[in-house]
Amino acid sequence: MRANEERKRLKKEYGELLETVTEILRRHDPIRISSGENDREYDPEASAILPRLRECASESDVLTVVHQTFRDWFDASTVGPIDAYAEVAREIWEVWRTRHAGPSAG
């Protein structure tokens, strides 16, 4: 129940960004847990990543946040190397810059 309340709070604060980050993670499936088109397997990770994007000033920062989040949730052998998350970070950074930070972000 608490996770649902936190997700509702994040959805209210970030709107569609929460769904978009979840979708990016699901599509790339970096730890191979996604089981279908509409699953919610990556909700907890997206919910942990999104608030931390405020502290990111670059795609490299996002890469660190994404990899660190997965390392917090899973063992190192499951998570793998940081460079395996580069495309995920690139997409999340692009979405964050354009949708959250506004057109003047850059």
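At what angle do the axes of H2 and H3 cross, and within what distance do they come? In this predicted model, local features were considered at pLDDT of at least 70 and side-chain atom pairs at pLDDT 80 or more, whereas totals for chains, interfaces and linings use all residues. Residues are numbered from 1 along each chain as its sequence is written, and side-chain values use heavy atoms, with hydrogens and water left out.

The axes of H2 and H3 cross at roughly 125° and come within 9 Å; axes are lines fitted to C-alpha atoms, for helices over the stretch in contact, with angles from 0 to 180 degrees between N-to-C directions. Helices are DSSP runs (H or I, at least four residues) numbered from the N terminus. H2 and H3 are therefore oblique to each other, a class left after angles under 35 degrees (roughly parallel), over 145 (roughly antiparallel) and 65 to 115 (roughly perpendicular) are assigned. The crossing of H2 with H3 is right-handed, that is, the near helix is turned clockwise from the far one by less than a right angle. Leu-17, Leu-18, Val-21, Thr-22 and Leu-25 of H2 meet Asp-43, Glu-45, Ala-46, Ser-47, Ile-49 and Leu-50 of H3, contact being heavy atoms within 4.5 Å. Seven of these residues are nonpolar, two polar and two charged; Ala, Val, Leu, Ile, Met, Phe, Trp, Tyr, Cys and Pro count as nonpolar, Asp, Glu, Lys and Arg as charged, and the others, Gly among them, as polar.

The loop between helix H2 (16-28) and helix H3 (43-52) contains Asp-39. Asp-39 counts as buried because its relative accessibility is 15%, the limit for buried being under 20% relative accessible area (1.4 Å probe, protein chains only). Beyond neighbours within four places in sequence, Asp-39 contacts Arg-26, Ile-33 and Ser-34. Within helix H2, Thr-20 is likewise buried, at 16% relative accessibility. Val-95 and Arg-99 are the contacts of Thr-20 outside four places in sequence.

The largest nonpolar core has 27 residues, of which Leu-25, Leu-50, Leu-53, Val-62, Val-66, Phe-70 and Ile-92 touch the most other members. Such a core is a set of buried Ala, Val, Leu, Ile, Met, Phe, Trp, Tyr and Cys residues joined through side-chain atoms within 4.5 Å. At least two core residues come from each of helix H1 (2-14), H2, H3, helix H4 (59-73) and helix H6 (86-100), and H6 gives the largest share, six residues. Ile-92 contacts Val-21, Ile-24, Leu-53, Val-62 and Val-66, neighbours within four places in sequence being left aside.

Key
Buried means under 20% relative accessible area, exposed over 50%, partly exposed in between (1.4 Å probe, protein chains only).
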